[in-house]
Amino acid sequence: MTRGAASAPAAAIARGWRAECTRLRRSRLDLILLTLMPAVLLGLMGAMIARGSVRDGPVVIVDHDGGALARAIRRTVDASPMLSVAAVTPDVATAMTMVRSERALAILVIPRGIGLAGSPPAEILYEAQFLAAGSTAQAALRAAVTLRVAEAAPRSAGVDGISPGRGPLPGVRLTLLGNPTASLGWYLGLLLGPAVIHLLFAVSAIGAVAPLLAGKTFAGYARVTVRPSLDLVGRLAPHVLACWSWGTAWIVALTLLGDYRFVGSIWAVAGGLLLLALATVGVALLLIVTTREMATALSAAVIITGSALAYSGASLPINGAPRLAQVWSAALPLTHYIRFEMDALIGAHPLPLSVEAGALLLYPLIAGGLGLWLVARSARA
Amino acid sequence: MTLREAFERTLIEIATTRELVSLAIASVLFYAFYYPAPYAQQAAEGMNLVVVDQGHSPLGRSITRALEASRSVHVVGEAVDLAAAEDAVLDRRADGILFLSRDLDAIATHPAAIRPGAGAMLVVNAAYAVRAEAIALTLADTLVDAIAQRGKAIDRRLPDPAGLVRVQPLFNTTAGYRDYIFPAVSNIILQQTLLFASARLAAERRRRRAAFGGLRASLGTWAAMTLIGILAQSFFFGFAYWIQDVPRAGNIAGVVMAMPLFAGAVSALGLAIGHALGDGDAALKLLIPTSVPLVFLAGFAWPLDQMPPWLATLAWASPATPAMHLFVRFNQMGASVAEAAGPLAVMALLAAAYGMIAMTMLARKAAVA
């Protein structure tokens with residue numbers, strides 16, 4: 001569209017939208033990035049966590065005792081839904097081989113004379129190299145063994161009258177906000193969907209703007225386009241819409257199919273996803289405008305959006321990390337979205353939600369605004 | 001073109017093409033330090049806890065003091081009641097609440113007869129699973145210890161609950177988070193950087209109609225990319241692990257044996273995909289978004305045996321999956337070849353299959369061109 005045509009802002013945006021839709025119809029790969037690719041990638045992630053929680057973690061028992069208490073422990077371990085006894089063996093070396101070949105997550109060593117006064121403690125050796133699965137098995141194993149041993153220990157000590165009764169920590173209760181069943185699937189699901197779309201739509205947005213480059217400059221595009229900034233907004237709008245739609249579909253599917261519930265408002269999360277979509281596309285625009293080369297912009301997008309989950313503090317809190325890592329974490333949009341989402345999940349007060357929403361809004365305003373300004377300015381170059 | 005000429009020209013092309021240097025070399029150097037940085041502290045630290053202590057009993061005070069002394073929990077203050085404490089959590093001033101009832105001592109003195117609601121209650125935001133686990137484990141250890149001390153004060157014959165079970169992490173002996181994440185994710189980083197570079201190389205050669213002709217030249221290209229992959233792995237598994245003091249060198253011979261297979265499988269897959277697409281930018285656009293899903297499909301956060309069988313089978317088609325279960329076993333766990341036979345066989349199979357596919361495509365298309 002040349003200068004002199006209708007130049008109302010809405011018309012300029014609409015023209016950009018139509019131009020991008022036309023490009024997407026012609027470029028099968030770019031259309032796949034907006035449609036098939038998110039469906040497949042989110043579908044795979046959904047299938048992965050569909051089970052909800054890790055169950056039947058294989059453990060191996062080394063039983064040096066074989067007595068009544070040892071048998072009771074074995075039965076308790078086997079009855080735990082979190083665990084399954086993969087083998088019972090008399091020697092630790094065989095058990096270690098099973099752990100090293102990933103056929104068992106933990107080893108329970110039952111010592112001779114367990115439960116008798118002065119006997120050595122039961123030992124749990126767990127796979128800490130694959131820590132998530134190993135620590136889950138360890139915790140379940142520890143709870144099962146402690147329960148049985150603690151029940152037997154006062155009797156063997158001759159103090160039946162003050163038996164713990166209901167286990168080693170009677171009168172201790174745990175209430176889990178936002179994830180009442182301590183589901184690993186729910187926890188991962190809340191992180192995976194946003195992380196996948198954040199990277200995917202940064203790539204698609206870069207792919208939308210890069211074709212406007214000619215000789216490593218946007219000058220040609222900016223000169224022949226009426227209101228190039230608004231035209232760009234229109235061109236990027238399908239990517240914002242697709243990012244928000246897939247993100248919302250993921251959260252809705254996660255809550256409905258996984259039978260999880262937001263204590264707070266799922267509408268707030270949908271609003272947060274819109275801010276994430278705007279931030280993703282705004283950052284992508286700035287990357288392609290400043291690098292003026294698709295390969296470099298894509299590499300930068302991987303650094304900013306691909307590793308963003310690691311820097312978000314959603315798994316390990318970032319507060320103990322080196323200062324530079326903390327600053328970088330705070331500079332990444334996904335960090336603020338994850339905080340917003342987790343706060344919304346437990347029904348947090350408006351203030352922390354507003355702070356994160358405000359931080360997210362800075363990305364389209366500053367990064368996106370700067371990108372649009374640089375493109376418009378290139379017309380004068 | 002001979003195999004050697006193709007090998008040498010490929011290495012020169014990588015060294016003189018900015019995008020390929022960036023993908024194959026600079027990215028590897030960068031990610032070796034960028035990725036583990038947010039996990040450097042290894043464990044959750046300073047999780048904020050607000051305490052509601054209704055009885056201010058000696059047991060309650062000893063629990064609070066022990067929590068304050070721990071590394072993972074920081075007691076940010078005391079609230080008058082649960083509602084005020086909940087406000088602190090919902091304002092994000094605290095990650096959890098510890099409620100200690102008026103008759104807290106009963107959990108140590110008369111555990112079998114405590115009234116409903118008496119004792120201790122931990123309320124924690126479990127949406128952040130690792131934080132919740134850190135707080136809960138710290139509190140559990142603290143409570144077990146404090147209750148045992150209180151119980152022993154009543155009857156010295158009572159056993160120490162903390163001494164009933166001993167727990168020991170294997171391989172990653174501090175159960176450090178970085179030492180868990182980094183060796184696992186390294187394989188994805190190594191795969192994706194080599195995959196992107198190989199795909200871009202093959203795609204751009206085809207786009208420029210500069211693909212090397214014949215099987216020997218294709219093998220030369222593959223060998224050069226495999227060498228780049230081996231060098232990247234040597235840097236990660238050797239220097240980067242050493243400088244960051246990650247558990248390593250459990251079975252160096254096994255690592256050295258598996259490295260060419262991993263590099264060969266990834267580079268062949270990249271060459272095939274790039275050649276099929278015939279456009280370097282298109283190859284990157286298609287491959288980059290797979291990075292996050294492939295990390296998780298490799299089975300380090302969600303075990304492979306907990307996935308649907310069809311998905312676990314599909315996951316093994318990504319070389320990073322057998323690589324993760326090979327190199328972690330060899331490097332960190334010190335596994336023997338027999339103990340890593342499964343992923344080793346899969347990796348060999350992938351290298352052979354992707355190699356045959358890539359060589360067939362590159363040699364045939366080159367012949368057609």
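Chain B is divided into domain 1 (3–39 + 176–368) and domain 2 (47–163), the bounds coming from an automatic or database domain assignment. Taken over C-alpha atoms, the centres of these two domains of chain B are separated by 48 Å. In chain A, domain 1 covers 9–50 + 181–380 and domain 2 covers 57–162; the C-alpha centres of this pair lie 47 Å apart. The model is predicted, with local features requiring pLDDT of at least 70 and side-chain atom pairs counted only at pLDDT 80 or more, whereas totals for chains, interfaces and linings use all residues. Residues are numbered from 1 along each chain as its sequence is written, chains are lettered from A and ligands numbered from 1 in the order in which they are written, and side-chain values use heavy atoms, with hydrogens and water left out.

The largest nonpolar core has 243 residues. A nonpolar core is a set of buried Ala, Val, Leu, Ile, Met, Phe, Trp, Tyr and Cys residues joined through side-chain atoms within 4.5 Å; buried means under 20% relative accessible area, exposed over 50%, and partly exposed in between (1.4 Å probe, protein chains only). The members that touch the most others are A:M48, A:V77, A:I107, A:L108, B:I63, B:F296 and B:F300. Helix α7 of chain A (residues 184–209) supplies the largest share of this core, 19 residues; helices are DSSP runs of H or I with at least four residues, numbered from the N terminus. Another core, of 13 residues, lies apart from it and includes B:V50, B:A85, B:A88 and B:F99.

With neighbours within four places in sequence left aside, B:F296 is in contact (heavy atoms within 4.5 Å) with A:M45, A:M48, A:L188, A:L192 and A:L309 of chain A, and with B:A301, B:W302 and B:M307 of chain B.

B:P322 is placed in helix α13 of chain B (residues 320–332). This proline is buried because its relative accessible area is 0%. Leaving aside neighbours within four places in sequence, B:P322 is in contact with B:W316, B:P343, B:V346, B:M347 and B:L350. Its C-alpha atom is separated by 9.9 Å from that of B:G299, 23 residues apart along the chain.

Helices α9 (228–257) and α10 (266–291) of chain A each give two or more residues to the patch, and α9(A) gives the largest share, three residues. A:I266 lies in α10 of chain A and counts as partly exposed, at 30% relative accessibility.
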